[in-house]
Amino acid sequence: FWGAPGSAAAEEPRHLQPSQSTESNAEHDARSLQAAALRGKPGVLFWHFSGAGGTSLVSWLAHSLGLHPPADTVGPNANWATDAKVTTGYPSMIGSKIGLDHAPRSRRHDCQEIDAAIARGEGNMFGFETPAMAPLACKNAVIWLTMRDPIERIISRLYKSTRGDKSSDTPLDSIGGEAAVLRALDKTTWFHSTAHTVGTRSTGGKPLAGKPTWSPNGTLRYGQHRRALGMDTLGSASLNNVYTRSLLGPASFLRPLDDLRVADLDAAKVVLGGFDVVIPMWAMETLPFLLGLPVHVLAPTVSVHGSHSMASKASVSPELAVKLAKHNQLDEKLYAHAIELHRARLRERARLLWPPGKVQTRPAPTGGGRKPPPVATATGAGRGPTQGGQKPPPVAT
């Protein structure tokens, strides 16, 4: 009776042999999730502001939705193209502002190369850590953006330490400490220019000097010393409405301190409204619901990676706190607009799931057929149960 239904011999081969459809089912599930999350487009372009949960979201896109970057992307953030990485992108954008031999890049990228790469099947996830140069619209990719409270994000980046303590250099140390930040909030400053060369622990406190040179691999050198170039240590532009500047492009990013106006904020809101997903970092857990994904798809988990966030530990002086608030008023309004935009899209998603007039409600249980207790009212005898069966005292009038 080998193979008789219900026999051990029949069950054993089926248990030991893997299902041939398992892999195809997994691929089908991944494609279904991608189609739902990406609104039918085959790829995603992610605008990545450092310190706003971007790396966690990129990881979620890969592990939960099965997206993958092209083979030539750089680092864990799926950075694509030369200008997509902070250390290579910003030198090309700020150019002669810091003494390099080439003029600043004045235009952002279009999406032709990304669209073509997606069409060729080379990848379906692309990141830009230099948002001021990232494309604004793609044929084959949706555009996603995460945001964090602008001042909290700046502080987090300035005080970030590679070993989670103050024994190692922080970005703040590399530009000359809090005093350098305060000066940059008083007058337009570029930290990596020959006019602003400061020493760090790694150079023994000796100031960096000499004309800066830059190679396409991201190395920025002053003489024999290399300087780390980060989005949040470029100068005044990094500390003054960087969201608004970046949404408007390279030319606006390079504008002087406090040069942006309300009209620029309005223009940035229009750009923001054109993105497919705009989500505050604290609202990551709502992402699966926003995208209409099945309940088994867990939300992204925002975690600190590679270094320790110092925002909660930073000893920020009252003077710096006041100045950051003063010089980031446009970004604070833009961030508030992003929150409302996200909430509006959540409400729309809820209306799709539960259209008005079709929500069925059940009557509240009454405990074995007994009448429910009286409903509390502002005045009168229906405020609630009384002790000892006595009537409630009269209401004073």
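This is a predicted model: local features need pLDDT of at least 70, side-chain atom pairs count only at pLDDT 80 or more; totals for chains, interfaces and linings use all residues.
Visitor: Which residues of strand 1 are buried on one side, and which on the other?

Guide: The general idea is that in a regular strand the side chains alternate between the two faces of the sheet. Here, Gly43, Leu45 and Trp47 are buried on one side of strand 1, and Val44 and Phe46 are buried on the other, so both faces are covered. "Buried" means under 20% relative accessible area, "exposed" means over 50%, and "partly exposed" is in between, using a 1.4 Å probe and protein chains only. Strands (E, at least two residues) and helices (H or I, at least four) are DSSP runs, numbered from the N terminus.

Visitor: Why is strand 1 largely enclosed by the rest of the structure?

Guide: Five of the five residues of strand 1, residues 43–47, are buried, so the rest of the structure largely encloses that strand.

Visitor: Which strands pair with strand 1?

Guide: Two strands pair if DSSP finds at least two bridges between them. Strand 1 pairs in the parallel sense with strand 3 (residues 141–147) over five bridges, and with strand 2 (residues 125–128), also in the parallel sense, over four bridges. Take Phe46: opposite it in strand 3 stands Trp144, while its bridge partner in strand 2 is Gly127.

Visitor: Now helices. Which residues of helix 14 are buried?

Guide: In helix 14 (residues 318–326), they are Leu320, Lys323 and Leu324. Looking down the helix axis, these buried residues fall within an arc of 100°, so they line one face of the helix. That arc is taken from the directions from the helix axis to the C-beta atoms. Pro318, Val322 and Lys326, on the other side of helix 14, are exposed.

Visitor: What covers the buried residues of helix 14?

Guide: The cover includes helix 6 (150–158), helix 8 (177–184) and helix 9 (236–239). Contact here means heavy atoms within 4.5 Å.

Visitor: How many residues does helix 3 have, and what should they span?

Guide: The expected span is 1.5 Å times one less than the number of residues. Helix 3 (residues 54–65) has twelve residues that should span 16 Å, and its end C-alpha atoms are 16 Å apart, which agrees. Among its buried residues are Trp60, Leu61 and Leu65. Just after helix 3, Gly66 takes a positive phi of about 75°.

Visitor: Where is Asn124 found?

Guide: Look in the loop between helix 5 (112–119) and strand 2. Asn124 counts as buried, at 10% relative accessibility. A polar atom of the Asn124 side chain lies 2.7 Å from the backbone nitrogen of His68. Beyond neighbours within four places in sequence, the contacts of Asn124 include Gln34, Pro42 and Leu67.

Visitor: How many salt bridges does a search of the whole structure find?

Guide: Side chains of opposite charge can pair when their charged atoms come close. The cut-off for a salt bridge is a side-chain nitrogen of Lys or Arg within 4 Å of a carboxyl oxygen of Asp or Glu. The search finds seven. One of them joins Asp186 to Lys323, with the closest N and O atoms 2.4 Å apart. That pair links distant parts of the chain: Asp186 sits in the loop between helix 8 and strand 4, and Lys323 in helix 14, 137 residues apart. Asp186 is exposed at 53% relative accessible area, whereas Lys323 is buried at 15%.

Notes. Residues are numbered from 1 along each chain as its sequence is written. Side-chain values use heavy atoms; hydrogens and water are left out. A polar contact is a pair of N or O atoms within 3.5 Å; within protein, one must be able to donate a hydrogen and the other to accept it, and residues adjacent in sequence count only if both atoms are side-chain atoms.
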